[in-house]
Amino acid sequence: MLERGIKYFEEEINDGKTKQVTGEKAFFLYDTLGFPIDLTELMATEAGMLVDMNGFESEMAEQKQRSREARLAAKGLVGQRLELIAEQTAWLAGAGIAVTDDSFKYDWDKEVDATVKAIFTSNGFLQNDDVAKEGETVGIVLDKTSFYAEAGGQDTDLGTISFEGGELFINDVQTYGGYILHSGVISKGSISIGLRVTCQVDYSRRRDVAPNHSMTHVLNAALRNVLGEGCDQRGSQCNDEKLRFDFSYKTAMTVNQLRDIEDYVRDTIKKNLPVTAEVIPLADAKAIPGVRAMFGEVYPDPVRVVTIGDDCSVEFCGGTHISNTAEAEAFVLTEETAVAKGIRRITGLTRVAAVNAIEEGSKFKQLTSDLEAVDADATPDLDKQAGALRKRLDATEMSAALKSELRARIELVQKKGIEAKKRLLAGRVDKCLNDVNEVVQKALADGKSSLVLNVDIGADSKASQKVIKAVQKIAPEIAFMGISEEERGSGGKILCFAIVPDSLLKSSGLNASEWVGDVLGSIGGRGGGKPGSAQGQAETCDDVDALIANAQSFANRAVVIA
């Protein structure tokens with residue numbers, strides 16, 4: 001990944017003229033190539049450039065919204081996004097509509113009856129006698145709700161709001177000045193102001209969101225435990241798929257640190273610690289020993305305090321949580337990366353997603369062990385097998401610490417395979433040189449002026465020079481072409497190289513560059529060089545014997561024509 005990012009930076013950005021890395025390109029490096037933003041900043045500084053961090057953050061925000069919309073679309077929850085501005089919340093207050101009572105959001109598995117107080121569309125608020133109909137996207141304000149509005153890094157609740165003769169699918173819940181806007185598409189029926197409705201939260205989904213939120217609190221404690229007090233929370237995001245936690249720290253974490261943090265969270269889950277919440281005066285809350293609060297966040301008074309265990313975690317938080325750490329079931333730290341200078345990001349999984357990631361890790365541990373047990377000298381393609389496993393590993397969601405460990409082990413296997421292949425090739429080259437000596441001596445005795453041989457040296461261009469020197473030593477006046485398959489009988493890559501002595505260059509029409517070009521051109525390859533020496537390759541060749549015959553025929557014609 002880093003190699004791809006460095007290559008892109010050097011080829012597409014660092015042209016010696018550009019003074020700024022655009023936010024779009026910085027985000028492409030980060031999002032598509034997996035290149036940390038702090039490395040982009042470092043390379044930009046070394047090249048005398050700046051990085052448009054505002055543009056980068058804008059791209060990040062847009063990507064977040066696209067991801068959210070994609071998740072909703074995958075669930076069939078589509079519709080136009082609706083938002084209230086200050087003027088509209090002022091209109092609600094002026095109309096005598098009280099802010100929404102959302103105290104029921106902390107309840108579980110309960111339906112809450114409510115009354116529609118206002119209906120908002122892309123054209124503004126509907127009037128008392130207006131009706132929103134089936135298929136329309138609306139945002140409704142209720143007198144009370146059990147839906148959790150997106151806040152504190154926690155994703156919104158999803159679900160339905162049902163009413164007599166109809167239903168509204170809720171795909172977004174946001175709070176504006178105390179007014180909770182429930183947005184979605186009316187799947188059936190029609191909605192009007194004053195309608196009695198029932199809030200039906202998708203609690204099954206919330207049971208995937210809540211452990212992710214609770215584990216960000218545990219993760220916060222784990223980071224302080226492993227890295228020290230210098231790391232402070234800088235943001236978080238929790239949904240039903242994963243958790244994300246941003247924190248201040250200057251360097252990338254080591255594999256041991258990643259493993260220690262992952263183990264801390266897993267141990268906390270195993271301890272079955274209670275997760276409790278209470279609302280207390282802000283001043284009293286701030287006096288709680290070890291309490292954590294989000295940097296720069298403004299908290300209400302009184303404030304809600306969430307506590308995990310006796311001394312694991314105490315934080316100001318308005319989110320929904322599990323009641324016991326055991327409900328998280330499992331935890332996997334899948335990624336640790338930079339998002340800005342001095343800001344790191346951890347991504348993690350809980351529950352079924354974590355269990356699946358652990359199973360994937362176990363599978364790859366076994367695959368890696370199996371590969372390590374392979375006899376390199378008896379397995380010519382071991383390096384390719386290792387490379388293929390490495391690609392599969394990189395694409396798999398699993399423990400970041402385990403992935404790093406397995407990647408290092410696979411790289412050792414790959415190196416072992418390459419070394420074995422070199423030893424095998426050296427033996428093949430030695431045998432090839434002996435064979436070439438015999439055949440060239442016979443060709444010389446028969447008075448031949450050109451010779452084409454199938455030489456077994458793989459696609460090793462250095463070995464081709466050894467063959468050429470051997471030929472020139474025995475028969476300096478013979479035109480010679482060597483054709484070698486990377487893997488014999490594979491139909492794959494072909495190496496072709498040729499020499500034409502000065503005497504034949506002067507007395508015949510044979511030219512090494514034209515010779516190689518004609519031969520490789522017949523199978524879609526390319527080659528070139530000088531009149532006296534040339535080489536090239538083709539990616540595939542189904543019939544090596546026919547290729548050799550074609551090469552010999554070209555040489556014979558050239559010599560005869562001259």
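Which loop holds Pro302? Pro302 sits in the loop between helix 8 (282–286) and strand 13 (303–308). Helices (H or I, at least four residues) and strands (E, at least two) are DSSP runs, numbered from the N terminus. The model is predicted: local features need pLDDT of at least 70, side-chain atom pairs count only at pLDDT 80 or more, and totals for chains, interfaces and linings use all residues. Residues are numbered from 1 along each chain as its sequence is written, and side-chain values use heavy atoms, with hydrogens and water left out.

## Backbone exceptions

Most residues other than glycine have a negative phi, and most peptide bonds are trans. The bond from Asp301 to Pro302 is cis, with omega near 10 degrees. Glu329 has a positive phi, near 70 degrees, and is not a glycine. Glu329 belongs to the loop between strand 14 (313–316) and strand 15. Its relative accessible area is 43%, so Glu329 is partly exposed. The classes are buried (under 20% relative accessible area), exposed (over 50%) and partly exposed in between, with a 1.4 Å probe and protein chains only. Arg351 also has a positive phi, near 50 degrees, in a residue other than glycine. Arg351 is placed in helix 9 (residues 351–372).

Helix 3 spans residues 37–46, and its buried residues are Ile37, Thr40, Glu41, Met43 and Ala44. These cover an arc of only 165 degrees around the axis, so they lie on the same side of helix 3. The arc is that of the directions from the helix axis to the C-beta atoms. An α-helix has 3.6 residues a turn, so residues three or four places apart point the same way. Thr45 and Glu46 are exposed, on the face of helix 3 turned away from its buried side.

## Helix packing

Axes are lines fitted to C-alpha atoms, for helices over the stretch in contact, and angles run from 0 to 180 degrees between N-to-C directions.

| Helix pair | Angle | Axis separation |
|---|---|---|
| Helix 6 (residues 203–227) and helix 7 (residues 255–270) | about 135 degrees | 9 Å |
| Helix 10 (residues 382–394) and helix 11 | about 160 degrees | 7 Å |
| Helix 11 (residues 400–445) and helix 12 (residues 461–474) | about 30 degrees | 10 Å |

Angles under 35 degrees count as roughly parallel, over 145 as roughly antiparallel, 65 to 115 as roughly perpendicular and the rest as oblique. Helix 11 is therefore roughly parallel to helix 12. Their crossing is right-handed. A crossing is right-handed if the near helix is turned clockwise from the far one by less than a right angle, and left-handed if anticlockwise. On helix 11 the contact residues include Val429, Leu433 and Val436; on helix 12 they include Ala463, Val467 and Ile474. Contact means heavy atoms within 4.5 Å. By class, this contact of helix 11 with helix 12 has eleven nonpolar, two polar and one charged residues. Ala, Val, Leu, Ile, Met, Phe, Trp, Tyr, Cys and Pro count as nonpolar, Asp, Glu, Lys and Arg as charged, and the others, Gly among them, as polar.

The angle makes helix 6 oblique to helix 7. They cross in a right-handed sense. Among the contact residues are Met215, Val218 and Leu219 of helix 6, and Ile261, Tyr264 and Val265 of helix 7. The contact of helix 6 with helix 7 divides into twelve nonpolar, three polar and one charged residues.

Helix 10 is roughly antiparallel to helix 11. Helix 10 passes helix 11 in a left-handed crossing. Helix 10 contributes residues including Asp383, Lys384 and Arg390, and helix 11 contributes residues including Lys403, Arg407 and Glu411. The contact of helix 10 with helix 11 has eight nonpolar, three polar and nine charged residues.

## Two buried strand residues

Thr334 is part of strand 15 (residues 331–340). Its relative accessible area is 13%, so Thr334 is buried. Beyond its neighbours within four places in sequence, Thr334 contacts Thr347, Gly348, Leu349, Glu397, Met398 and Ala400.

Phe497 lies in strand 19 (residues 494–499). Phe497 is also buried, at 0% relative accessibility. Gly482 is 15 residues away along the chain, yet its C-alpha atom is 5.4 Å from that of Phe497. Leaving out residues up to four places away in sequence, Phe497 touches residues including Val455, Ile457, Val467, Phe480, Gly482 and Val516.
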